[in-house]
Amino acid sequence: MIRQSNDDKITALYCRLSQDDGREGESNSITNQKAILEKYAKDHNLIPYKIYVDDGVSGTTFERDGFKEMLSDIEQGLISTVIVKDLSRFGRDHIMVGYYTEMFLPSMNVRFIAINDNVDTDDNESNEFAPFTNIFNEWYAKNASKKINAVFKAKGESGQRLGSAIPYGYKANPDNPKEIIVDEEAAKVVRYIFELCMCGKGPGKIAKQLTADGISTPMVYFREHEMPCRTKANMSNVWCNRSVSGILENMTYIGHTVNFRTATVNYKTHKKVRQPKENWLIFENTHPPIIEISVWEKVQELRKNKRRYTKSGKKSIFAGLLECADCGAKLYYCTCKSHKEEHDYFVCSNYKGNTGKCTVHYLRESVLYDIVLEQVQTMLAYLQSFESDFVKSLVDKSAKDKKKEIASRRKKLETNKIRISELDGIFKRIYEDNISGKLSDERFAKLSADYEREQKQLVFDTEALENELNQEAEQVDNVEYFLNIVRQYTEIKELSARVVNDLIDKIKVHAVDKSSGQRIQRIDIYYTAVGLIDVSQHIQELAI
């Protein structure tokens, strides 16, 4: 690189201020720094000069726009001197500050001056304690970070919303800026996204639909409405899968505040990592919801059982809902471009490839469609005429089933307790055999691991029983929830992804029975929140 003479070079006046530095008052303000640096440059004839500024950026990182611009000019040979108010303005990482001031700048023949710390690399009388000053500056940043984290933690644990960014679909309350209220214009888009998901579309398809509809992305929307935005960079108005997925999974839209979803690795990197869900703190009903909780929960279930398009471009409205009644595996949707719609079918995923783990459970989609449509129409007609009878019958039936299930669980727990007692004795014997040399260390380790697994399973079963006992009253709420969904439909002439996702939780497909000489296949439809319903049985009970 061709170097310029010092007469052609300029002086760099660098100013930096972080949010924490701003709390110290006017002495560290950008305006004050500029005044001090300009006066020093003029008094010492270090002109012409150029001012580089990083406002609101921590000194523990060197990923700063103003700083990087100054480095670029240094590397191009445009700068002869760098002046800062003090070493902490240059940075608060003693290793990196030492690298730049003691290695990088001298190698580029650039003079460095920190006015208040009496540092001047061209002066032999310069402060020899600068490295210690850098360490104290970093210690200050570390100590400030601890204090901020403590305040942040206390704020998050009290249920206050963390972070300054307002979620898309909301805006600050004019009467209380700390609160958020629904931004109806953006909220319509959020509801539209959830509606598209309920209609069977995944994030990719939804993103394409939003872009095709000309709907502004959240970042573009914020800028258009002069709302606080996380980035100042040029932004595309093309929706991406990640944005859609983030909206579909965000509990903010059901009125809940979720804190500590992310955490900073340390005060130097500022990198944020996603926290496991057990570390989240969820505060319910802290602000107005945009999405009904029933819709949000259904969408989470759909997201859990993602329904992908086949290579032929087809996707069944039942895909992801079908379950093998014998092995519990999902049923594969089988189709191809040459297939007519009536030839598409489902088979047990444990049968595919002829692994022999399960039987085929073959079921044509067209047959399934007719069965489900007929059952849904029958159920709908029955509820419209005999809703109160249905509720009573369903709740009574649920209570009986619950008692049977609890009794079964208690029996299983008793069996486990007996088994755990047996294992105590077995473990003592194998320990003695290991000590005496009759049992190898490897064999002992394997048997011990098996014992631990059984013990953990027992704990799991115990917790499941406790949850079952504590939730006996939920069935009435579930029935009302199901009825609220059904009441939306006065008549169903055909099935759609939205209808199926609204009403049905899963469909169990049994193996074909040919023992009678006819092909008989049982299909069990489990409805949302209430489970398996046999409407014909209710009709028979009424007739009696």
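Me: A salt bridge is a side-chain nitrogen of Lys or Arg within 4 Å of a carboxyl oxygen of Asp or Glu. How many salt bridges does the structure hold?

Reply: This is a predicted model, so local features need pLDDT of at least 70 and side-chain atom pairs count only at pLDDT 80 or more, while totals for chains, interfaces and linings use all residues. Residues are numbered from 1 along each chain as its sequence is written, and side-chain values use heavy atoms, leaving out hydrogens and water. The salt bridge count for the structure is 13.

Me: How far apart are the closest N and O atoms of D86 and K85?

Reply: Buried means under 20% relative accessible area, exposed over 50%, and partly exposed in between (1.4 Å probe, protein chains only). D86 counts as buried, at 10% relative accessibility. K85 is buried too, at 7%. These two residues form a salt bridge, and the closest N and O atoms are apart by 3.3 Å.

Me: What is the N to O distance in the salt bridge of D120 and R111?

Reply: D120 is buried at 11% relative accessibility. R111 is partly exposed at 22%. Their side chains meet in a salt bridge, with an N to O distance of 2.5 Å.

Me: Which parts does the pair of D122 and R111 tie together?

Reply: The side chains of D122 and R111 meet in a salt bridge of 3.8 Å, N to O. Helices (H or I, at least four residues) and strands (E, at least two) are DSSP runs, numbered from the N terminus. The pair ties together parts eleven residues apart in sequence, because D122 lies in the loop between β5 (119-120) and α6 (130-157), and R111 in strand β4 (residues 111-114).

Me: Is D122 buried or exposed?

Reply: The value to read is relative accessibility. For D122 it is 57%. D122 therefore counts as exposed.

Me: In what order do the five strands of the open sheet run?

Reply: Two strands pair if DSSP finds at least two bridges between them. The edge strands, β2 (49-55) and β5, each pair on one side only. The pairing in this open sheet is mixed. The order is β2-β1-β3-β4-β5.

Me: In which sense do β4 and β5 pair?

Reply: Strands of a sheet pair through backbone hydrogen bonds, either parallel or antiparallel. I113 stands opposite D120 in β5. Over two bridges, β4 and β5 pair in a sense that is antiparallel.

Me: Which residues are linked with K50 in a network of salt bridges?

Reply: This network links three named residues. K50 is one of them.
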